[in-house]
Structures are given as structure tokens and as C-alpha cells.
Amino acid sequence: MKVEREVILAPMAGYTHSAFRRLCRELGADRTYSELMNATGIIHRGEEVELAYFTDLERPIHLQLYGRNPEEIAAAAVKMVEKYRPEAIDINFGCSVKKVLKAKAAGYLLQFPEEMGRIVEETVKALKPYNTPVTAKIRLGFYEDTLEEIAENLLKAGVSAIALHPRTAKQGFSGSANWERVKDLKRIAGSVPVIGSGDVRNWREIDQKFEETGCDGVMIGRAAVSNPWIFKEYREKRDYNPSVPERVDFILRELSLMWEFFPKEKACKAIKAQISQIFKGIRGKAKLNDAVMRSKSCEELLENLNRIKLEYSAGGE
Ligand SMILES: Cc1cc2nc3c(=O)[nH]c(=O)nc-3n(C[C@H](O)[C@H](O)[C@H](O)COP(=O)(O)O)c2cc1C
């Protein structure tokens, strides 16, 4: 798989659905990932329909799976490839929320590098007839940094790219991402592309990460939720501070795209978390958020958003 100095939208459960991915691609993201989807749910309950939905505009796209059992993950991967034809299947070995730890899946497996290798190996084998690569997204380890052992097992299993969020699972989001380890992984991985993920806050830091680590891709996660224009800023190499009406228009467009694959009210509820972040740094933000958060229906939310847009267009900024 080829990844050359790409700026990639990181997978984020609850945020990086088809609508947001499309808008980020339009703003300049080079590649996207779906959020993590449960292999058991895919096989037994056809659960993935809303989460796996994507359009050609989001390509290249990796559909991300997590699970416990190598055969089950491989079978889910085959089902996803036959049904959706993504550019790659990614396996999540990073998430450590209670629910997945209880299921002994995803980030839990960082404690068992050989098991991680078996999962990748089985999935690579199953996807060979489809010529679809298998990538992995990892952290440094579970309690401790065991990156070397993890990388060795994944590489031996035939992984096609590795994305590393250089914190341990136990760290969660505390402390800071250790990009020195992205550099180390790049050295270990040879010709297999390495993507770094963690704490990139603005476009200037993107080139810095490429230069300092030699990595092949830089992922943008939380910074893209509050500022999806970061991709445009990087492409144009200049700061961009969208007006409030432009921010509202972004949300309105995202909502209308979400209605293609989410029920209307569900989409309106889901987007509230992003709205509060996209108004970050704006004067009068608390009042804007309050109006949005108190909206009880789609109708009310749209009314409030349009009112905010009008107020700020009329010189309220
Ligand atoms: C709300 C949220 C949801 C996330 N969901 C996923 C996910 O589904 N799959 C995954 O591999 N990583 C997930 N991550 C981790 C991000 O992809 C990324 O590695 C991490 O946030 C560090 O990058 P950042 O500092 O740019 O946000 C999630 C992170 C956040 C904040």
C-alpha cells in the first residue's frame, strides 16, 4: 500500500461518519477511516449499516473492525469487502473504553502481541482473493510500551500499514503523544507505511511531524472536529478563521448529508457534540451553545442555527 505524506482524518466514534468524512475530504484530507465496528455484530446482526455507509467521495477509505476472535474478524472483513469495496480493512487495537475491554477486544489485545498477529494474519489470508490490504491502528502497549514486540508480530503477519497513537492504553488521553516512537516505528517498519496520530493541533505541526519522524501519514483527530478547515490550512499553508455564518453553513451541510444515512432526529442529536466544538474561540460562544443544546427537535435546532447565522451576518461578530 502506498501512503506518501498524507494528511488523514483519524477515526473517531460518533464523529467520523460519511457526512463529516466527505466534508473533510473536500477540505483536503487525503484519506479517511470509518469508526470502529464490531465484528460479531456485523456477522450475526448486520449491525454495521449506518456506520459502514460511505460514498466514493470519501475514498480512499479504511473500514475499521474490532473483535476478539481471528476467524470472526476475518469473516467480518470478507463481508465488508464484498458489500462495500473499501480500499482497506483496518483493525482497531487501540480503543480501551470499558465496553471493549470487557469484550477482551481492541485495546485489550495490546497485552497479547501474538494474538494481534494472528488476527492480522487470518484477515490478510481471507482478503487475499479480493486484493484488499489489511492495516492496523495501535497504541504503544497496554500498561507499558511494548511497541517493538507489537510491531514485529504485525509485520510478520503481513500488515500493509500501521497507524500509531503513541500513548499506552492505560494512559487514555493523558500526558502527551510520544512522537519519538512514531520515528522508531518508521525505522522498524521498513517499507510498510507508518501513520502517526496524536495531539496535532494546527496545520503548522503537520509538516513538523513529517520532518521530525519521517512518517508517511499524519492523522488529525480532535483538532478536525473543532476545525475541519485544518486540512485546507495545510494545503494552502496559511491560517484560516471561518466566520460564524460559515461555521453554521458547515453544520447545516453536514446535517443534510447525515440525513442520507441517519434518521433525521438521530442526526440532529448526534451533531450537537460537534457544534459546541466548532463554535470554539468565538465571542458569545456560551450563548450560541446554550441555544443549540436546548433545542429539543430538529426543527428547533435548524431555527436556532439559522437565527445565529443571520445575527452574525448582520455584523454580530
Ligand atoms: C471521540 C473519539 C473517538 C475515537 N474513536 C476511535 C475509533 O473509533 N477508532 C480508532 O482507531 N481511534 C479512535 N479514536 C482515537 C483517534 O483516532 C486518535 O488516534 C486520537 O484521538 C489521538 O489523535 P488526536 O489527538 O488528533 O485526537 C477516537 C478518539 C476520540 C477523541
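Modeller: In soluble globular proteins, nonpolar side chains tend to be buried together. In the largest nonpolar core here, which has 100 residues, Leu65 and Ile162 touch the most other members. A nonpolar core is a set of buried Ala, Val, Leu, Ile, Met, Phe, Trp, Tyr and Cys residues joined through C-beta atoms within 7 Å. A residue is buried if 20 or more other C-beta atoms lie within 10 Å of its own, exposed if 12 or fewer, and partly exposed in between, with C-beta atoms placed from the backbone.

Biologist: Which helix gives the largest share of this core?

Modeller: Helix H12 (residues 244-258) does, with 6 residues. Helices (H or I, at least four residues) and strands (E, at least two) are DSSP runs, numbered from the N terminus. The core draws at least three residues from each of domain 1 (6-236) and domain 2 (244-316); these bounds come from an automatic or database domain assignment.

Biologist: On what kind of model does this rest, and how are residues numbered?

Modeller: This is a predicted model: local features need pLDDT of at least 70, side-chain atom pairs count only at pLDDT 80 or more, and totals for chains, interfaces and linings use all residues. Residues are numbered from 1 along each chain as its sequence is written.

Biologist: Which residues does Ile162 touch?

Modeller: Two residues are in contact if their C-beta atoms, placed from the backbone, lie within 7 Å. Leaving aside residues up to four places away in sequence, Ile162 touches Thr135, Ala136, Ile138, Ala151, Leu154, Leu185, Ala189, Val192 and Val194.

Biologist: How many residues of domain 1 and domain 2 are in contact with each other?

Modeller: There are 13 residues of domain 1 in contact with 13 of domain 2. On the side of domain 1 that touches domain 2, helix H1 (18-27) and helix H10 (222-226) each supply at least two residues, and H1 gives the largest share, 5 residues. The C-alpha centres of the two domains lie 29 Å apart.

Biologist: What is the radius of gyration of the protein chain, and what would a compact globule have?

Modeller: The radius of gyration is taken over C-alpha atoms, and the globule rule is 2.2 Å times the number of residues to the power 0.38. With 317 residues, a compact globule would have a value near 20 Å, and the protein chain agrees because it has 20 Å. Its C-alpha trace spans about 60 × 45 × 35 Å along the principal axes. Buried residues make up 49% of the chain.
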